[in-house]
Amino acid sequence: MNWRPQPPTSSTTSSSNVPAGARRSYALESLTNLLRTQEGLQILDLGGLNQANLDFVTGLGHRLYAEDIVKACDAFFTKQEFANKQFDVHRIGQFIDQTFDFPDQSSDGALVWDVLQFLPNPIAQAVLDRLYRILAPESFLLAFFHPESGGPAAKPHSCRIIDAKHLMFVPRESPRTIELYTTRSIERFFHKFASVKFFLTRENLQEVIVKR
Amino acid sequence: MWNRNKKEDDIQYRPSSPAPSASEQSREAIPVSAYPTRQTEYGSARVTASIGKSLVINGHIQGKEDLVIDGRLEGNVDLPENRLTVGATGHVQGGIRAREIVVVGTVQGNMEASERVEIKKGARVIGDLKAQRPVIEDEAYFKGNVETIRVDTPKPAPKPQQPAPPIVDAQAAPETKPEIKRG
């Protein structure tokens, strides 16, 4: 990709600069407004690092911690475990400890993108429980939930920030299948958190901003 | 290997002397061209030191020349004025400090570059990264913290103010009318 994110300081965005395939994201816009209010925050990006997100977040004066959770999960658990959908609690604990080696309440935000949908449910729940521990009170989490179980939407994506209002979804290869969540199940999923705000898009993609 | 530059200099700048004896000739039979400028596959045409594929080094490296690591290093690298390249077969387990760092292989450790860090496609980096310009290609695996070093560019000196153009008093100026010539 040749495009670079717009300077985060610009408050308005002209749509002429947005590359084809980019989509408007109200959740991202809301999140950017939060990020602009402070500097030096510690932000987690769980979708794997890409240049666009790195430039955007560090351009706002924050630090970015990156990890590709789906890849890390594929590397840690065996094919047998994925095939049987049987995950030992201790193994999940080991994976979480190895992947999220942070002190409690040490992070100020998490860009989860659509990652949770591509983790088996017990692992996704364990990831979320750990995120709850490492996120500071009043911090936020951005997550997306695809509505379909087939088609291009049902693949993990690399989510790239174009500017404060636009994102681009680039599909990436992964053997993981999608786990579907309804609005109700998403609310239950984040029940420990203080609030969940939904942004419904044209394609029924659920954009969620969760406050710790 | 490490003194390649020095050897080159020695040979090149040796003062002219009478014809050497046969034994001296055999000792000095290596022409300068036997130490060619190493053109690395990573785009640098400069002479660089290198750690070959089969080499395993346990210990710290510090110096003032560019370095390419294609082997395995367990220890820190400190090249504050130079460029370090970890090649496709290279593996570094330890901290790296350099002016410029390019990773094509694997690094497990923190990296700090006063200028640029480039993590190429297929590279694998686990550790924190601090640089003025971090560049991460698609399909590179990175796990860690990224912090950019901000360089405050000095503000340009204010331009000397040019004298304002004289204000013409429209009323004082003689009124001119276009002259129409009629044939």
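Visitor: In which strand does A:Trp113 lie?

Guide: In this predicted model, A:Trp113 belongs to strand β4 of chain A, which covers residues 107-113.

Visitor: How should I read its phi, and what is the value for A:Trp113?

Guide: The general idea first. Most residues other than glycine have a negative phi. In A:Trp113 phi is near 55°, which is positive although the residue is not glycine.

Visitor: Is A:Trp113 buried or exposed?

Guide: A:Trp113 is buried, at a relative accessible area of 1%.

Visitor: Where is B:Glu139, and what is its phi?

Guide: B:Glu139 sits in the loop between β12 and β13 of chain B. Its phi is near 70°, again a positive value in a residue other than glycine. B:Glu139 counts as exposed, with 59% relative accessibility.

Visitor: Let us turn to the interface. How is its size given, and what is the area buried between chain B and chain A?

Guide: Interface size is often expressed as the accessible area that is lost when the parts come together. Between chain B and chain A about 1,400 Å² is buried, and carbon and sulfur atoms give 43% of that area. The contact involves 13 residues of chain B and 19 residues of chain A.

Visitor: How many salt bridges cross the interface of chain B and chain A?

Guide: Side chains of opposite charge can pair when their charged atoms come close. Across this interface there are 2 salt bridges. One of them joins A:Glu67 to B:Lys143, with N to O at 3.6 Å.

Visitor: Which elements of chain B give two or more residues to the side that touches chain A?

Guide: They are β12 (129-136) and β13 (141-148) of chain B. β13(B) gives the most, with 8 residues. By type, the residues on this side of chain B divide into 6 nonpolar, 3 polar and 4 charged.

Visitor: What do B:Lys120 and B:Glu137 tie together?

Guide: Their side chains meet in a salt bridge of 3.7 Å, N to O. B:Lys120 is in the loop between β10 (111-119) and β11 (124-126) of chain B, and B:Glu137 is in the loop between β12 and β13, so the pair ties together parts that are 17 residues apart in sequence. B:Lys120 is partly exposed at 25%, as is B:Glu137 at 31%. Both residues belong to a network of salt bridges that also includes B:Arg83, B:Arg99 and B:Glu100.

Visitor: Last, the cysteines. How many disulfides are found over all chains?

Guide: A search of the whole structure gives 0. A:Cys73 is in no disulfide, and the nearest cysteine sulfur, in A:Cys159, is 18 Å away.

Conventions. Residues are numbered from 1 along each chain as its sequence is written. Chains are lettered from A and ligands numbered from 1 in the order in which they are written. This is a predicted model: local features need pLDDT of at least 70, side-chain atom pairs count only at pLDDT 80 or more; totals for chains, interfaces and linings use all residues. Side-chain values use heavy atoms; hydrogens and water are left out. A disulfide is a pair of cysteine sulfur atoms within 2.5 Å. Contact means heavy atoms within 4.5 Å. Buried area is the accessible area (1.4 Å probe) that two parts lose on being put together, summed over both. A salt bridge is a side-chain nitrogen of Lys or Arg within 4 Å of a carboxyl oxygen of Asp or Glu. Helices (H or I, at least four residues) and strands (E, at least two) are DSSP runs, numbered from the N terminus. Ala, Val, Leu, Ile, Met, Phe, Trp, Tyr, Cys and Pro count as nonpolar, Asp, Glu, Lys and Arg as charged, and the others, Gly among them, as polar. Buried means under 20% relative accessible area, exposed over 50%, partly exposed in between (1.4 Å probe, protein chains only).
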